[in-house]
Amino acid sequence: MLLSLKFSVLAIALQLASVLAVPALQPYDSLAGLTRDEVDAFARSVKVVGGQPIPKPIKDTSLKLVNDKKHPWKPLRAGDQRGPCPGLNALASHGWLPRSGVATPGEIVTAVQNGYNMEWTRAVLVTYAAFLVNGNPLTNLLSIGGMSWLTGHAPPPPALASGLNTHGTFEGDASLTRSDAFLGDNHSFNETLFQQLIDISNKVGGGKYNVSAAAEMRFQRVQDSIARNPNFNFANPRFNTAFIEAVFPIVFFIDGRLQEAGETGLDLDVMRGFFQDHRMPKDFHRRGTPTGASDSELDFVMAAHDYVPGFNNGSGTFVADPNFMGTQTETVCALYEKFVNSTVSLYPSPHGDLRKALNKNLDNFYVAVESRCDQIKPYH
């Protein structure tokens, strides 16, 4: 009997050891890099939701008050997630997204339409691009920030830290108001950089953040990263998203009533509210028509200085990306392919519920580009 008892204790110990070996994950953590056994163990510990249909476009796309009584700004609570995107941060702090900062991709698609009147196709494109590389396909959740004390132990390499703070996937170098990951905190507001933005806006933007200020700020941030960040990466997709990021505040953070009156510059106090405090100004109205970043704004910022996608091989040693297609911007289809390939590199051999969820979300991602691109189906 004593021998039997010893074997029973040993069996329990081995089971406990196998459980403890599984990384402690939150439901919104990325599963990239986990073994099949670890994914299976995680799936048994949560409610598997998997990929879900994309919400339909919102019906009311008119000029509308969005900082209203139902969506007041509230300060962060312990554990709330905020990250590198000031637009999503403000939506969470006003309750258009869950105030926790953890949301489904469907909630994000709907929130950016309701809060900013982002055009539906653009909302689908950016949301599912981010979700595929930073979200959790099984629970259908994404953190708009990153790891905190709530996330538990990080998954083992080469898995990614959860959320949009993860460097080199959706978040990238040369941010307007956040440091490069190599140089420090890549997701928190940086007062020094914002003061640089103010100085540039006063010098070339007439005291407001307009396309002229955006063009100069983008150039200065790239030059600083080239000089100081030996790991600076300005290849696609970051090459394109960096310019979209530069004009995003002009498109979505100017009150819609002012836009209709012809205003093209963003008040710097309003900009600080969005970027530093995750806060819409009092009585803020979204724009009156669905839109994304316009080609004219992007073209102006990109044409203001000479740019080429590339990366550093040490500080101050920027070289062009040899895979660059030779045009100022790569096509949407090339960017679509890059994000699909990134997903495959994170999940090289998924199975079961994970494979089904990835296929559904890849299908959702493709909806945004289906009129222009051939679909890639890596897991079919």
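Arg257 is partly exposed, with a relative accessibility of 36%, where partly exposed denotes the range between buried (under 20% relative accessible area) and exposed (over 50%), as computed with a 1.4 Å probe on protein chains only. The structure is a predicted model, in which local features need a pLDDT of at least 70 and side-chain atom pairs count only at pLDDT 80 or more, whereas totals for chains, interfaces and linings use all residues. Residues are numbered from 1 along each chain as its sequence is written, and side-chain values rest on heavy atoms, with hydrogens and water left out.

Arg257 takes part in a salt bridge with Asp283, the closest N and O atoms being 2.9 Å apart; a salt bridge is defined here as a side-chain nitrogen of Lys or Arg within 4 Å of a carboxyl oxygen of Asp or Glu. This pair links distant parts of the chain, since Arg257 lies in helix H9 and Asp283 in the loop between helix H10 (268-277) and strand E6 (285-286), 26 residues apart. Helices (H or I, at least four residues) and strands (E, at least two) are DSSP runs, numbered from the N terminus. Asp283 also counts as partly exposed, at 34% relative accessibility.

In total, the structure holds 11 salt bridges. Among them is the pairing of the side chains of Glu263 and Lys208 (2.9 Å, N to O), which again links distant parts of the chain, with Glu263 in the loop between helix H9 (256-260) and strand E5 (266-267) and Lys208 in strand E4 (residues 208-209), 55 residues apart. Glu263 is partly exposed, its relative accessible area being 27%, and Lys208 is likewise partly exposed, at 30%.

A further salt bridge joins Asp224 to Arg228, with 3.0 Å between the closest N and O atoms. Both residues lie in helix H7 (residues 211-228), where they are four residues apart, about one turn of the helix. Asp224 has a relative accessible area of 24% and is partly exposed, as is Arg228, at 45% relative accessibility. Asp224 and Arg228 belong, together with Asp180 and Arg221, to a network of salt bridges.

Leu197, found in helix H6 (residues 191-204), counts as buried because its relative accessibility is 0%. Leaving aside neighbours within four places in sequence, Leu197 is in contact (heavy atoms within 4.5 Å) with Thr177, Tyr209, Met217, Leu268 and Met271. The C-alpha atoms of Leu197 and Arg218 are 9.6 Å apart in space, and the two residues are 21 residues apart in sequence.
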